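Subject: Structure for you to look at

Hello,

Here is the structure I promised. Please open it first, then read my notes below.

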Amino acid sequence: MLERETDDRRPVVDRLRRQASVRVLTQALRVAERPLTRHLLCDLIGFRAGRSALTELLEALEDDDRGVRASAADAITKALAYGGVQPIPDRLIRRILPTLLRHWEGEPTPQGRSGLAYALGGLGDPSVIPLLQAALDDPHEQVRRAAEWALGRLGEGSSKGV
């Protein structure tokens, strides 16, 4: 439905938001051809804060489209910070953290880095505190604000006003 050309995708997105399960959305994400479709599907999965979709969302961090990568990072944040039992189990942290760190190092856009900073904070692992503190000096305000939020989530306030 989302892959079809249309002037207004909002009715379809709204219907999917109300009716589609996380499983259906992740299946659609796996086969979506258009960047806009992948972006919208990541957003929809994020609305559900579905941890069951983390594998597909981590794969979406590899997307060539920066909007898809940022949307995937946002959905990962929601799944980690709001989707399920807190604290996050160590086995899940061990599975996700290396991928997030690898993408942090290679992400060229402030939009993507800010999304990853939020996701790192949502993960809840204090080992990322030095990385996030360094991000407070990023030239882009968007990244600095995300790092500030992430540090707050980890119980580490910033002495730098962003």
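The protein has nine helices and zero strands. Its elements run α-α-α-α-α-α-α-α-α from the N terminus on. Helices (H or I, at least four residues) and strands (E, at least two) are DSSP runs, numbered from the N terminus. The radius of gyration is 16 Å, close to the 15 Å that the globule rule gives for 162 residues, so the protein is as compact as a globular protein of that length. That radius is taken over C-alpha atoms, and the globule rule is 2.2 Å times the number of residues to the power 0.38.

Before you go further, two notes on the source. This is a predicted model, in which local features need pLDDT of at least 70 and side-chain atom pairs count only at pLDDT 80 or more, while totals for chains, interfaces and linings use all residues. Residues are numbered from 1 along each chain as its sequence is written, and side-chain values use heavy atoms, with hydrogens and water left out.

**Overall build**

Along the principal axes, the C-alpha atoms fill a box of roughly 50 × 35 × 25 Å. Contact here means heavy atoms within 4.5 Å. Take the contacts with a separation of 6 or more: 65% of them join residues 24 or more positions apart. Buried residues make up 49% of the 162 residues. Buried means under 20% relative accessible area, exposed over 50%, and partly exposed in between (1.4 Å probe, protein chains only).

Now the charges. There are 24 positive and 23 negative side chains, and the centres of the two sets lie 5 Å apart. Lys and Arg count as positive and Asp and Glu as negative; His and the chain ends are not counted. Each charge is placed at NZ of Lys, CZ of Arg, CG of Asp or CD of Glu.

**The core**

Which residues touch the most other members of the largest nonpolar core? They are Ile76, Leu100 and Leu132, out of 50 residues in that core. Helix α5 (residues 66-82) gives the most to this core, with seven residues. A nonpolar core is a set of buried Ala, Val, Leu, Ile, Met, Phe, Trp, Tyr and Cys residues joined through side-chain atoms within 4.5 Å. Look at leucine 132. Leaving aside neighbours within four places in sequence, leucine 132 is in contact with Ala117, Ala147, Ala150, Leu151 and Leu154.

Start with arginine 9, in the segment before α1 (10-19). Is arginine 9 buried or exposed? Arginine 9 counts as buried, because its relative accessibility is 15%. Not counting residues up to four places away in sequence, arginine 9 touches Leu2, Arg4, Arg34, Leu36 and Leu40.

Next, alanine 49 sits in the loop between α3 (35-48) and α4 (54-60). Alanine 49 is buried too, with a relative accessible area of 15%. Its phi is near 50 degrees, a positive value in a residue other than glycine. Most residues other than glycine have a negative phi.

Then go to aspartate 65, in the loop between α4 and α5. Aspartate 65 counts as partly exposed, at 27% relative accessibility. Glutamate 5 is 60 residues apart from aspartate 65 along the chain, and their C-alpha atoms are separated by 19 Å.

Proline 110 is partly exposed, at 22% relative accessibility. Beyond residues up to four places away in sequence, proline 110 touches His140, Gln142 and Val143. The C-alpha atoms of proline 110 and valine 143 are separated by 6.0 Å, though the two are 33 residues apart along the chain.

Best wishes
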